[in-house]
Amino acid sequence: MRLLPYGDRALIAEFDSLGLVRAAHEHWATKAPAGIIELVPAARTVLVRIEPRVIGLGAAEQWLTAHAPAAPAGDGDGPLVEIAVTYDGDDLAVVAETWGCSLDAVATRHASTPWVCAFIGFAPGFGYLVPAPGAAALPPVPRRATSRPLIAAGSLGLAAEYSAVYPRASPGGWQLIGRTDAELWSLDRDSPALLAPGTRVRFSPSRS
């Protein structure tokens with residue numbers, strides 16, 4: 001782990017793998033001392049925001065260093081969210097060719113993979129999902145050469161090692177394999193985001 005200052009109220013913790021990021025975020029989120037007010041995980045970093053009147057950057061750095069993860073995160077015990085998907089996306093054939101399988105097998109392999117939300121980015125509620133530790137690896141899927149100007153909310157896509165559901169209509173360059181009626185972001189809920197870092201996700205094929 002490498003710690004870097006990020007202004008006078010935050011630190012950036014850099015890691016060599018997403019598994020270590022997840023392990024650090026999971027541990028720090030439950031054990032952090034007073035004054036560490038926010039943890040924001042990404043692909044290889046965790047942003048650590050502090051309240052300097054409670055804890056200084058030096059003290060925060062010492063605590064983070066003393067509690068750095070020694071091993072990548074496991075499956076974890078985060079909440080499980082089930083999402084029904086109709087696997088009829090426009091890019092199924094591209095993914096099938098990348099994976100060397102049939103169109104039906106894309107749906108089967110994706111739905112049979114246990115996923116976990118690694119971090120949130122791009123848009124509110126957009127969870128970057130990765131196969132849970134121990135799950136069979138899926139070949140990385142290249143992004144489209146040209147992004148689509150508008151992707152419908154609820155579209156399920158793949159890019160690199162990630163899978164995600166678009167929480168709202170937006171541009172995007174991920175390969176689309178399906179769609180869902182699940183609301184990934186709703187201000188009508190106490191917690192607007194359906195997913196959060198550590199949430200486990202299970203996709204189920206739907207014929208709707």
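In what order do the four strands of the open sheet lie, and is their pairing parallel or antiparallel? The four strands follow the order β1-β2-β4-β3, and the pairing is antiparallel; here a strand is a DSSP run of E with at least two residues, a helix is a run of H or I with at least four, and both are numbered from the N terminus, while two strands pair if DSSP finds at least two bridges between them. The edge strands, each pairing on one side only, are β1 (2–5) and β3 (36–41). Neighbouring strands are turned by 20° against each other on average, direction ignored, where axes are lines fitted to C-alpha atoms, for helices over the stretch in contact, and angles run from 0 to 180 degrees between N-to-C directions.

This is a predicted model, in which local features need pLDDT of at least 70 and side-chain atom pairs count only at pLDDT 80 or more, whereas totals for chains, interfaces and linings use all residues. Residues are numbered from 1 along each chain as its sequence is written, and side-chain values use heavy atoms, with hydrogens and water left out.

Strand β3 is joined by five bridges to the antiparallel strand β4 (residues 45–50), and Pro-41 has Val-46 in β4 as its bridge partner. Helix α1 (residues 18–31) packs on the sheet and touches β2 (10–14), β3 and β4, with a direction that makes about 160° with that of β3; contact means heavy atoms within 4.5 Å. Helix α2 (residues 57–66) lies across β1, β2, β3 and β4 and runs at about 25° to β2.

A search of the whole structure finds eight salt bridges, each being a side-chain nitrogen of Lys or Arg within 4 Å of a carboxyl oxygen of Asp or Glu.

| Pair | N to O distance |
|---|---|
| Arg-2 and Glu-14 | 3.6 Å |
| Glu-26 and Arg-22 | 3.2 Å |
| Glu-38 and Arg-49 | 2.7 Å |

Glu-38 lies in strand β3 and Arg-49 in strand β4, so this pair ties together parts that are 11 residues apart in sequence. Glu-26 and Arg-22, in contrast, both lie in helix α1, four residues apart, about one turn of the helix.

Relative accessible area (1.4 Å probe, protein chains only) sorts residues into buried, under 20%, exposed, over 50%, and partly exposed in between. Arg-22 is buried at 7%, whereas Glu-26 is partly exposed at 30%. Arg-2 is exposed at 51%, while Glu-14 is partly exposed at 28%.
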